[in-house]
Amino acid sequence: MTRIPYLSAFAVLHLVLLSACSTPNGQPQKGSEQVAPNQVVDFGTLYAQNCAACHGAEGRGGASIALANPVYLAIVDENAMHKVVANGVRGTSMPAFSQSAGGLLTDEQINVITSGILSRWGRKGILDGTNPPFYAAKTEGNVDHGKLAFGTYCASCHGSEGGGTDKGSAITNDSFVALVSNQGLRTLVITGRPELGAPDWRANIPGKAMSDQEITDVVAWLASRRVQSPGQPYSASNDPLHHHSEPLEKSK
Ligand code: HEC
Ligand code: HEC
């Protein structure tokens, strides 16, 4: 039942590794036998069948970010989530689920999933008293400032050029940046991956949160590491920031 129209070799590898410990794909869930697939409106069933393989059972994270992250859920809004689930993220392994985009879920089913994620896993007030960054970037970002911000906030774990250390993996090599969108990078910087020990935007340096602009700039620098090679699957025409990485890279 899990529907995954396009998978990069990278994602397939993760799925193979994950399938050993998550719900077996293709097995109807208990109790769903009599219900036609497009009539299923139970959150647990829909999540397990469509999302758990990549985002983890109970939203606790897998190859992709944990959705049961209350910091993430306090920053993203339901509309943005609905859009991502309906249309997917082009150039990444995040599939489009809406029937209008070639998927198998109805709009109602997508609403059940997004509102279920927010109501079950969100925690109201968790960011009270903080000054959280915007979910989406307001400006393009400055690559040179981003490199400096990376040195300040990220290099201690990921290395001065992002090549990795024993405290954080390599994140500037093309095999990583080519398969993640700019919003995907921004989300990772804002929310971290608490399930893997990656700090959120407040905790890279204890007591020194990143500003919204620093987050935008660091993402611009990471995005500028993408190599534009012909034949690469990456194409983020739905991503307003992406087309700027090409001229910026050439002018260096
Ligand atoms: C084959 C793997 C895969 C499956 C299945 C999958 N996702 Fe994703 N998802 C991803 C990846 C990879 C990303 C990051 C995309 C990017 O780089 O922006 C993502 C991103 C997201 C985001 C956006 C995170 C952000 O930056 O705000 C949401 C929300 C999301 N997925 C929800 C879901 C839901 C709900 C389902 C099930 C209906 C699902 N995903 C199924 C791989 C998957
Ligand atoms: C205290 C150490 C530490 C700091 C500081 C840190 N990270 Fe991380 N980061 C991690 C760990 C641990 C992970 C999860 C495991 C891994 O991929 O290494 C991670 C994961 C990531 C990932 C996801 C990698 C993947 O494969 O999904 C990105 C992107 C990332 N960090 C970017 C950054 C950026 C940008 C900064 C600075 C703004 C930063 N990190 C600061 C430790 C850190």
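Residues are numbered from 1 along each chain as written, with chains lettered from A and ligands numbered from 1 in the order written. In this predicted model, local features need pLDDT of at least 70 and side-chain atom pairs count only at pLDDT 80 or more, while totals for chains, interfaces and linings use all residues.

Trainee: Which residues come nearest to ligand 1?
Mentor: A residue is near a molecule if its C-beta atom, placed from the backbone, lies within 6 Å of it. Ligand 1 has 25 residues around it, and the nearest are C51, C54, M94, G184 and T187.

Trainee: Which helices each supply at least two residues of that shell around ligand 1?
Mentor: Helices are DSSP runs (H or I, at least four residues) numbered from the N terminus. Those supplying at least two residues each are α3 (52-55), α5 (78-87) and α10 (182-191).

Trainee: Which elements give two or more residues to the shell around ligand 2?
Mentor: Ligand 2 is surrounded by 19 residues, with C154, C157, G168, S169 and A198 the closest. The elements giving two or more are α8 (155-158) and α10.

Trainee: How are α2 and α6 oriented to each other?
Mentor: Axes are lines fitted to C-alpha atoms over the stretch in contact, with angles from 0 to 180 degrees between N-to-C directions. The axes of α2 (residues 43-50) and α6 (residues 107-121) come within 9 Å and cross at roughly 95 degrees. Angles of 65 to 115 degrees count as roughly perpendicular. Therefore α2 and α6 are roughly perpendicular.

Note on methods:
Angles under 35 degrees count as roughly parallel, over 145 as roughly antiparallel, 65 to 115 as roughly perpendicular and the rest as oblique.
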